[in-house]
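Okay everyone, thanks for coming. Let me put the chain up on the screen, and then we'll walk through it together.

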Amino acid sequence: MAGSDVNQRAYEIFDPAAGSDDGSGLFSPGGPFEGFPGALVLAGHNGIVLSANAMADPICALLRSDSHPELRDGLRSALAGATAQIHPLLLPDSASGQEIARAYDLVILPWVEGTAALLLGRDITLERTLRASLVEAHDRFKSLVELAADFAWECGSDGCFSYLSKERILGFSAIDLLGTVASETLLAGTSGGLNPFVTEVPCGPLRCQLRRQNGDVVIGDVLAEPFFDRNGKLLGVRGLCRCLRVANDG
């Protein structure tokens, strides 16, 4: 059956004048997709839009163009009976032409015996923006930590390492240090006998003797900041460490 004939058949199926359900009824109040929170498009062969909800306007515009071949390929797959997914479908900013305006997680389903395909799009623009912002913030934090100290650390209330900012710390593998008692692994001594890894009060810079993997002792400054739950119970301690010199170097 030619594409135009198939589309005509699809129109007949969804044409209220023909006595059948209107395609828009799928998306209207009382329809099966009434509560769907994203874009909905019912499309025929050659990307012809048979019906769509208001949120689908950007996707409908793409169906009418050849700018996104993956969308046309997904539509052809659905019309042939196979479900397709595009993650993400990036929509261009009309002003700049760059693909930054909108992003969708799009699923394309076969519909009505190969005469149409149903496109369901979930707008993930905010998720992608937040994720990118988190990655940027993490990279910024990591850069600042590397400028301010040799490494950052975190211990649980038991005094065991739960986070280290670098893969190697004083010659030790960070993986080997995680879960170990910080004071037993790294701490060779401190001024005043304080243990910054289990403190309940902020301290530092605290001059410490830190043990390297090869047995050398390094003089360093440690800053520590405890953190608590809402009831005041100690959850752990976070801090920074800057190594100054090997102890026997004077």
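Before I go on, a quick word on what you're looking at. This is a predicted model, where local features need pLDDT of at least 70 and side-chain atom pairs count only at pLDDT 80 or more, while totals for chains, interfaces and linings use all residues. Residues are numbered from 1 along each chain as its sequence is written, and side-chain values use heavy atoms, with hydrogens and water left out.

Now the inside. Of the 250 residues, 37% count as buried; buried is under 20% relative accessible area, exposed is over 50%, and partly exposed is in between, with a 1.4 Å probe and protein chains only. The secondary structure comes to six helices and 13 strands. Those are DSSP runs numbered from the N terminus: helices are H or I with at least four residues, strands are E with at least two.

Next, the sheet. There's an open sheet of six strands, in the order S7-S6-S13-S12-S11-S10, with antiparallel pairing. Two strands pair if DSSP finds at least two bridges between them. At the edges sit S7 (161–164) and S10 (187–190), each pairing on one side only. From one strand to the next, the twist averages 35°. Look at S10 and S11: they run antiparallel and are joined by three bridges, and Gly-189 stands opposite Gln-209 in S11.

What lies across S6 (151–156), S7 and S13 (234–246)? That's helix H4, residues 125–148, running at about 45° to S13. For angles, axes are lines fitted to C-alpha atoms, for helices over the stretch in contact, and the angles run from 0 to 180 degrees between N-to-C directions. Contact means heavy atoms within 4.5 Å.

Last, two residues. Asp-216 is in the loop between S11 (203–211) and S12 (217–228). Is Asp-216 buried or partly exposed? It's partly exposed, because its relative accessible area is 31%. Leaving aside neighbours within four places in sequence, Asp-216 touches Leu-210 and Arg-211.

Then there's Ser-173, in strand S9 (residues 172–173). Ser-173 has a relative accessible area of 17%, so it counts as buried. With neighbours within four places left aside again, Ser-173 is in contact with Glu-167 and Arg-168.
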